[in-house]
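Reader: I have not looked at this one before. Can you show it to me and take my questions as they come?

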Amino acid sequence: MVSQKDLLTLATWMAGDFSNWEQAIENPPFFAHIRVCIRPLPLPLSQEGIWLYSEQAYDYELNRPYRTAILQLLLSGDPQSPIFIENYKIKDTVAYFGASREPEKLRSLQLVDIDKLTGCKMLVKLTPQNSFQGAVEAGKGCMVNRNGQETYLASEFEISETHFSSLDRGYDPSTDERVWGSIAGAFEFKKKTQFQVNFP
Ligand code: CYC
């Protein structure tokens, strides 16, 4: 049975500063050097689940992330995917740029400052290899507009204590052709710094 303890384990594994440096050096044409930095919110936005703030950035411009998100980790009660992650967007994204490394900035954040993204739940299960695997909910409903073009997201990830791999791609809703995202497989991140997660 997956429990609150597993939720805390997932949050703890997610909470850190990740880099794909090794992959970027090995395969520079396909993999930019990316940093993913995930920080627990100093003041949770509700009592439900565990709240995190995530920034993805090119290593050379950490304070101008290309994607930020608020993530809420929750138990689902569904044995197929006992954990899920709600994805939210901050209305004023730019105001929080850099906050993954300066978490005091996140203290002012409230529920009214974020919007839930529909169709973008990540459904998560624990694997026999002591990792968590997740994928975006079915239905091609997580819409991402990239340079004016509507796409739906296909996304999967795996995370363990020290490793985080993720594959995000956007597809054309009418042709199912890939519009953006890695053509050479998943991004492979190693955890460089661990952040502490507190949970009642
Ligand atoms: C978008 N990536 C997204 C979205 C989700 C995730 C749900 C759509 C919502 C949004 O736009 O914020 C992924 N959400 C996740 C994952 C988890 C989660 C993995 C579990 C921790 O809760 N993504 C990568 C690569 C990089 C990338 C390093 C290169 C392709 O992992 C890019 N993801 C990326 C981009 C977008 C995205 C560019 C669209 C952002 C936008 O333009 O709005």
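Author: Asn-147 counts as exposed because its relative accessibility is 82%, and the cut-off for exposed is over 50%. Keep in mind that this is a predicted model.

Reader: Where is Asn-147 in the fold?

Author: Asn-147 sits in the loop that joins S9 and S10.

Reader: What is its phi like?

Author: The phi of Asn-147 is near 50°, which is a positive value in a residue other than glycine.

Reader: Which loop holds Asn-130?

Author: Asn-130 belongs to the loop between strand S7 (122-126) and strand S8 (132-136). Asn-130 is not a glycine, yet it has a positive phi of about 60°.

Reader: And is Asn-130 buried or exposed?

Author: Exposed, because Asn-130 has 52% relative accessibility and the line is drawn at over 50%.

Reader: New topic, the ligand. How many residues surround it?

Author: The ligand is surrounded by 21 residues. The closest are Tyr-66, Arg-67, Asn-87, Ser-166 and Asp-168.

Reader: What is the polar side chain of Asn-87 doing there?

Author: One of its polar side-chain atoms lies 3.0 Å from a nitrogen atom of the ligand. Gln-56 also has a polar side-chain atom by a ligand nitrogen, at 3.4 Å. In the case of Arg-67, an N or O atom in the side chain is 2.8 Å from an oxygen atom of the ligand.

Reader: How much of the ligand does the protein cover?

Author: The protein covers 91% of the accessible area that the ligand has on its own, which is 850 Å². The space taken by the ligand is the largest pocket.

Reader: Which elements give two or more residues to the shell around the ligand?

Author: They are strand S4 (67-75), strand S5 (83-90), strand S9 (143-146), strand S10 (149-159), strand S11 (163-171) and strand S13 (187-194).

Reader: What about helix H1, which of its residues are buried?

Author: In helix H1 (residues 4-14), the buried residues are Asp-6, Leu-7, Leu-10, Ala-11, Trp-13 and Met-14.

Reader: Why are they on the same side of H1?

Author: Because they cover an arc of only 165° around the axis, they lie on the same side of H1.

Reader: And Gln-4? Where is it, and how does it count?

Author: Gln-4 lies in helix H1.

Reader: Last one. How far is Gln-4 from Leu-167?

Author: The C-alpha atoms of Gln-4 and Leu-167 are separated by 27 Å, and the two residues are 163 residues apart along the chain.

Technical notes
Residues numbered from 1 in each chain as written. Predicted model: local features only at pLDDT ≥ 70, side-chain atom pairs only at ≥ 80, totals over all residues. Heavy atoms only, no water. Buried < 20%, exposed > 50% of the residue type's maximum accessible area, 1.4 Å probe, protein only. Helix = DSSP H or I, 4+ residues; strand = E, 2+ residues; numbered from the N terminus. Arc of directions from axis to C-beta. Near = heavy atom within 4 Å. Polar contact = N/O pair within 3.5 Å; in protein donor to acceptor, adjacent residues only side chain to side chain. Areas by Shrake-Rupley, 256 points an atom, 1.4 Å probe, with all protein chains shown as cover. 1 Å grid on protein atoms, 1.4 Å probe; cavity = no way out; pocket = protein on both sides within 12 Å on 5 of 7 lines; lining within 4 Å. Sits in = over half its atoms within 2 Å of the grid points.
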